[in-house]
Amino acid sequence: MKLGKLLLGAGVVTYALAVSAGFGVQSASAEEAATAIDIAKIAINYGEQNIVVKEDAEKADTKLYVGIGTYSAKTPTDVKVKKWIEYDNDTTNGVTIDTSSLAVTKTQYVVIKGDKNTKEVAIQLAATPSKLAASIDYTDPAAPALSLKDITKGKNSATAVANVEFSVANGSKYTTYTAKKESAAGTDLTKYQKLGATLKVRQAASTDIDALDKTDSTGNCKEVDIKLNGEVAKAYAATGTFASKELKVKVAKLASGPKITVNYTKNTVSIPKTAEYRTAVGVFATDLVNGATKNTVVVPLAEFKQDAAFTLDIRTAAKVNDKDKTKSKSASNITEVVVPASTKCVSKVAGASADTDAEIDKTNFGKADLEKVTANGKVTLKYTGVGKTTATLTNADTENAYDVYVTTDSTVGFAGAENAYVAPASTVTGAKKLAAGRTLKLTKLKDGDKIFIRVAGNAKKKTFASEYGAFGTVSLPKATPAPTATATGK
C-alpha cells in the first residue's frame, strides 16, 4: 500500500515535470515565432498628442496592449512596463492612444503589442526643454521681438528655440512666430502694445509623422538600444516633439501720449524735447525739437507749414537702453492736436460804393485812409483829432475779440520778395486786445506806424487766432492850412 502510494506520487511528479517542460518548450517556440506590429502602421500626431495604430485587416490583432515605460535617472535606458492597458482594435479607424497625460519635459517610452503580434514595439518620444524663459525683446523699439530660450542647462548656456508659437491669454488659436530679422514679413507684435497683452508662448509641436520609418537617410525614427523588462531590445526614437509647456509673457502697454500745451492766443504748441511729431499718417519727425536745451519746446503752428486743416500727432520717441538694449522702450501712444485751417483777417478800404471797396494790399497799404478801412467788416478806426497821437478802434463783432499789433518793423507787411505780404509772427509781443463789442484806444502813434490785426484765439472755445492781416499805415491828421489872402485892386 505504501509502495502503491509512493508509485502514485512518483507518477504525479513525473506528469507535473512533463507539463512544465512541455510549457517551456511551447513558450520558447512561440517567442521564436513572435511577430511585432509593423511600425509603418504607427503614426504620431504631435499636434494632438496621440499615437494611432492602424493595422491591415488581414494581419490585424483583435486587441492591442499598451504600456508606458518607466526608468530611473541613473539607468535611463533600462525600461520597465509594469502595467498593460487593453484596447479593442479598430482596423477601420485605427486605435488612438492618447498621450496627453505624459510629461512632455521627460523622454517617454510607449510600448505596444497585440494579442497576435505579441512582440513589443517600443517608441521613444523625445522630451521638450524642461526649462524655458520667455521675454519680449525691445532691441528694436519699433519692432518688439518674441524671445523663447531653452535654459535647461542654465541661463549662461541658453539657446534660442527655433520653432515658436504663441496665443493670446484666453485664445485657442496659436500663431507661428517669425522674427522680423528672419523675414521682412515677420510677426508684428506692435498691435499688442496699444492696450498691452499677455501671450501664451511655447515651443511648437513638430510636424506629424504619418508612418514610422527607420530608413537611415530618409527615415523619421532610428533604432536605439534599451533594456525592456530586463531583456535587450530596441526602441524606435522618433524625430520631433510634442509642444512644450506654455509660458506667459507680458507685452507692455504703450505709455500714454505726452502732455501737450496748446496756446490758442499765440497759435503755438509746447512739445517735450523727447517727442516726435507728424502732420500726416506716416513717418515721424524731430526737426523742430532737435538740440533743444529746455525740456519743452514752444513751436508756432506756422512751423508745420500746413495751409489746410491738419491733425498734429505727437508721441514720446522710443528710447534705447544702452545698458540692456532688450529693455529699450517703444514710442508712446499718440497725443493728437486737431488744427483747423488757418483763417485770415481781411481789411478793406471803402471806395465810392461797396462794389469798389478795395482789399488792403501792397498798392494801398502805405496810403489808404485808415478812417475808411474796416477789418473783417467789423473793426473800424477813428483818429482823435489834429495834433493828437491817439486813435480809437471800435469792434462791432460781439462774438470775437481781435489782437492789434502796431510796429515799425520793416521786415513785416509788404516786405517780401516783390513786396509779397509777410505777416507778423503769431508769437509777437506788444499786441493789444480789442474785446468783442468794445473799443480800444491806441496811443503814441506816429506817422509810418504799421497796424496789423487778427481775430484773437479763444482757449475756452479751443479756436486758434487767425493770421495777422494788414490794416494800414498811420498818417496822423494834419491841420488844414488857412487860405492865403489875395489882394485886389480897383
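Me: How many cavities of 30 Å³ or more are counted here?

Reply: The count comes to 1 cavity of 30 Å³ or more. The model is predicted, and the space in this largest cavity comes to about 70 Å³.

Me: Which residues line the largest cavity?

Reply: The lining includes Gln49, Thr99, Leu102, Lys106, Gln108, Thr128 and Phe242. Ala103 and Val104 also belong to it, as do Leu125, Ala126 and Ala127.

Me: Why is Cys221 called buried?

Reply: Buried means under 20% relative accessible area. Cys221 has 5%, so Cys221 counts as buried.

Me: Why does Cys345 get the word buried?

Reply: The cut-off is under 20%, and the relative accessible area of Cys345 is 4%, so Cys345 is buried.

Me: How many disulfides does a search of the whole structure find?

Reply: The search finds 0 disulfides. To count, two cysteine sulfur atoms must lie within 2.5 Å.

Me: How do you know that Asp313 and Arg278 form a salt bridge, and what is the N to O distance?

Reply: A side-chain nitrogen of Lys or Arg must be within 4 Å of a carboxyl oxygen of Asp or Glu. Between Asp313 and Arg278 the N to O distance is 2.9 Å, so the pair passes the limit of 4 Å. Over the whole structure, a search finds 14 salt bridges.

Me: What makes Lys344 and Glu467 a salt bridge, and how far apart are the closest N and O atoms?

Reply: The closest N and O atoms of Lys344 and Glu467 are 3.3 Å apart. The limit is 4 Å, so the pair counts. Lys344 sits in the loop between β23 (335–339) and β24 (347–349), and Glu467 in the loop between β34 and β35, so this link spans 123 residues.

Me: Why is Lys344 called exposed, and why is Glu467 called partly exposed?

Reply: Exposed means over 50%, and partly exposed lies between that and the 20% limit for buried. Lys344 has 57% relative accessibility and so counts as exposed. Glu467 has a relative accessible area of 33%, so Glu467 is partly exposed.

Me: How do you know that Lys478 and Asp447 form a salt bridge?

Reply: Their closest N and O atoms are 3.0 Å apart, and the limit is 4 Å, so the pair is a salt bridge. Lys478 is in the segment after β35 and Asp447 in the loop between β33 and β34, 31 residues apart. Lys478, at 52%, is exposed because the value is over 50%. Asp447, at 43%, counts as partly exposed. Elsewhere, salt bridges that share partners join Asp403, Lys433 and Arg454 into one network.

Me: Which residues touch the most other members of the largest nonpolar core?

Reply: They are Leu381, Leu393 and Phe471, in a core of 31 residues. Among the elements that give two or more residues to this core are β27 (379–383), β28 (391–395) and β35 (469–473). β34 gives the most, with 4 residues. Apart from this core lies another, of 24 residues, among them Val95, Val110, Val121 and Leu212.

Me: What makes β15 and strand β16 a pair, and how many bridges join them?

Reply: Two strands pair if there are at least two bridges between them. β15 and strand β16 (residues 231–238) are joined by 8 bridges, so they pair, and they run antiparallel. Asp225 has Lys234 in β16 as its bridge partner. The hairpin has 2 residues between the strands, and Asn229 there takes a positive phi near 55 degrees. Strand β4 (residues 78–79) also pairs with β15 (residues 221–228), in the parallel sense over 2 bridges.

Me: Why are β13 and β17 said to stand at the edges of their sheet?

Reply: The open sheet has the order β13-β12-β14-β17, with antiparallel pairing. β13 (175–176) and β17 (247–251) each have a single partner strand, so one side of each is left without a neighbour in the sheet.

Technical notes:
Residues are numbered from 1 along each chain as its sequence is written. This is a predicted model: local features need pLDDT of at least 70, side-chain atom pairs count only at pLDDT 80 or more; totals for chains, interfaces and linings use all residues. Side-chain values use heavy atoms; hydrogens and water are left out. Buried means under 20% relative accessible area, exposed over 50%, partly exposed in between (1.4 Å probe, protein chains only). A nonpolar core is a set of buried Ala, Val, Leu, Ile, Met, Phe, Trp, Tyr and Cys residues joined through side-chain atoms within 4.5 Å. On a 1 Å grid over the protein atoms alone, a cavity is a set of points where a 1.4 Å probe fits but cannot get out, and a pocket is an open set with protein on both sides within 12 Å along at least five of seven lines; lining residues have an atom within 4 Å of a point. Grid points are joined across faces, edges and corners, and a volume is the space filled by probe spheres set on the points.
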